[in-house]
Amino acid sequence: MNTVTNQKKVPKSVLIILYYWPPAGGPGVQRWLKFVKYLPEYGIKPIVYVPSNPNYPIIDESLINEVSDDITIIKQPIREPYKFAGILSKKKSKTISKGIIPNKKSQTVLDKLLLFIRGNLFIPDARKSWVRPSVQYLSTYIKDYSIGTIITTGPPHSLHLIGLQLKKSDNVQWVADFRDPWTTIGYHKQLKLTKTAQKKHKQLEKNVLQAADKVIVTSEVTKKEFSKITDKPISVITNGYDLLPSIKTNLDSKFSIAHIGSLLSERNPTILWQVLNDLIQNQPGFAHDFKLKLVGYVSEEVLKKIDSNGLIDYLENIGYVSHRQAVENQRNAQLLLLIEIDSPETVSIIPGKIFEYMVSGRPIVAIGPKGSDVERILQETNTGSYFYYDSYNDLKRLILKHYLSYKKGDLQAQGIGLQKFSRKELTKALAELL
């Protein structure tokens, strides 16, 4: 009689090198928090490496609850220059570390100094001091625990330099994940870069893309951009959504138009503020029903423009909230705003919140540059409408149409094909790649 012995398959260990991890808040933490959550279901054991003393600009303690006790987390200290920059100006250094860069016309001498230091002395970014100690520590860890695959994710793109050096010294497969582009991201050109600094950024980017075994990006535009620099395989794995249990929808009684997330100085859609002022002045009932809700950090320049367009009395400026509260605000709003800077550098940016927007059931109104991946996604999923910065009349007609639907009580979105953007499905694609 033959006896068949069932042996449990040993999970494959993957070392994931991160900067943003709970209790960090904001969009940067969500992608890998969810990948780590679901990777064990696909036979992969994630080992998370993070700083022990990070300087996170945004804190969301609630995200700690999403980290399983079964996950191995290793930590090493980091020297954070933003702490020392705070001696000059705590407010300004914290604002810049959040990515909120003052409008060029309103920048003070101190603003310009901090941006110059950030762009030229900290290449590729302010976390560069973590590279050397991390390589020393992880090189031993990889050998001791027989790690075959490492993943680095940026920004901060200095983490890719950890992967670059580990690839040179250790026999590992290296996957470089780019949540955002490197040298073509919108704020890069605002860093007062010298020609030498620009050249160094470009060279480091090229070194990483050509040395990594595999590259992951979040948009087709970035894939096309990187394909000109490297012949290594590039996969597109977007961000996505993870349905949170027990969140009830309680639609706002007002015709609320909500933006969730940071509104930077350059992410300031004057066309929208003008359209809303137009409707307040000329559409019967609109002024009584309308409310503008901003959930997240908002720059002073944006608030001034809202005020100059007569909208300040209609504004509910909520500020930063936990991720769970952000999702609640998404589901309760009548309309959801998605705003991107009108620039060629932002066509590859797909804000992580778009996927949670899409499953909220609320129509999306997006304003951004021509050629954006966001426009394609909204069209394919039937979840919203996309406008350019010169589409005043079309934008006004659409908001008025939604307002009239709100008055009739039938304003909602009917999304299609959303399952492929679930975090679990996206993790499956990642696991197959590994």
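Select Ala 366 and Tyr 386. Tyr 386, in strand 13, is the bridge partner of Ala 366. Keep in mind from here on that this is a predicted model. Now widen the selection to residues 364–367, which form strand 12. Four bridges join strand 12 to strand 13, and the two run parallel.

Move to strand 9, residues 290–295. How many of its six residues are buried? Five are, so to be read as mostly covered, because buried means under 20% relative accessible area. Strand 9 has a partner on each side to visit:

- Strand 8: six bridges, in the parallel sense. Pick Ala 258 and find its bridge partner in strand 9, Lys 293.
- Strand 10: three bridges, again in the parallel sense. Pick Leu 294 and look opposite, to Asn 317 in strand 10.

**Helices against the sheet**

Go on to helix 10, residues 300–308. Which of its residues are buried? Colour Glu 301, Val 302, Leu 303 and Ile 306. These buried residues pack against helix 8 (270–282), strand 9 and strand 10 (315–317). Step just past the end of helix 10 and stop at Gly 310. Gly 310 takes a positive phi of about 70 degrees.

**Salt bridges**

Begin with Lys 396 and Asp 278. Their side chains meet at 3.0 Å, N to O. Lys 396 belongs to helix 14 (residues 392–408) and Asp 278 to helix 8, so this pair ties together parts 118 residues apart in sequence. Is each end buried or partly exposed? Lys 396 is partly exposed, at 24% relative accessibility. Asp 278 is buried, at 14%.

Next, select Glu 41 and Lys 424. This salt bridge is 3.0 Å, N to O. Glu 41 lies in the loop between helix 1 and strand 2 (44–51), while Lys 424 lies in helix 15 (residues 423–433), so the pair ties together parts 383 residues apart in sequence. Glu 41 is partly exposed, at 49% relative accessibility. Lys 424 is partly exposed as well, at 37%.

Now select Asp 242 and Lys 34. The salt bridge between their side chains is 3.3 Å, N to O. The pair links distant parts of the chain, 208 residues apart. Asp 242 is in the loop between strand 7 (234–236) and strand 8, and Lys 34 is in helix 1 (residues 30–38). Asp 242 and Lys 34 are both buried.

**A buried aspartate in a loop**

Jump to Asp 125. Where is it? Look in the loop between helix 3 (109–120) and helix 4 (131–144). Asp 125 counts as buried, at 6% relative accessibility. Its side chain makes a polar contact with the side chain of Ser 158, at 2.7 Å. Leaving out residues up to four places away in sequence, Asp 125 touches Arg 118, Pro 156, His 157 and Ser 158.

**Zoom out**

Colour by secondary structure to see 15 helices and 13 strands. Switch to burial: 55% of the 434 residues count as buried. Among contacts with a separation of 6 or more, residues 24 or more positions apart account for 75%.

Terms used
Residues numbered from 1 in each chain as written. Predicted model: local features only at pLDDT ≥ 70, side-chain atom pairs only at ≥ 80, totals over all residues. Heavy atoms only, no water. Buried < 20%, exposed > 50% of the residue type's maximum accessible area, 1.4 Å probe, protein only. Contact = heavy atoms within 4.5 Å. Pairing = 2+ DSSP bridges. Salt bridge = Lys/Arg side-chain N within 4 Å of Asp/Glu carboxyl O. Polar contact = N/O pair within 3.5 Å; in protein donor to acceptor, adjacent residues only side chain to side chain.
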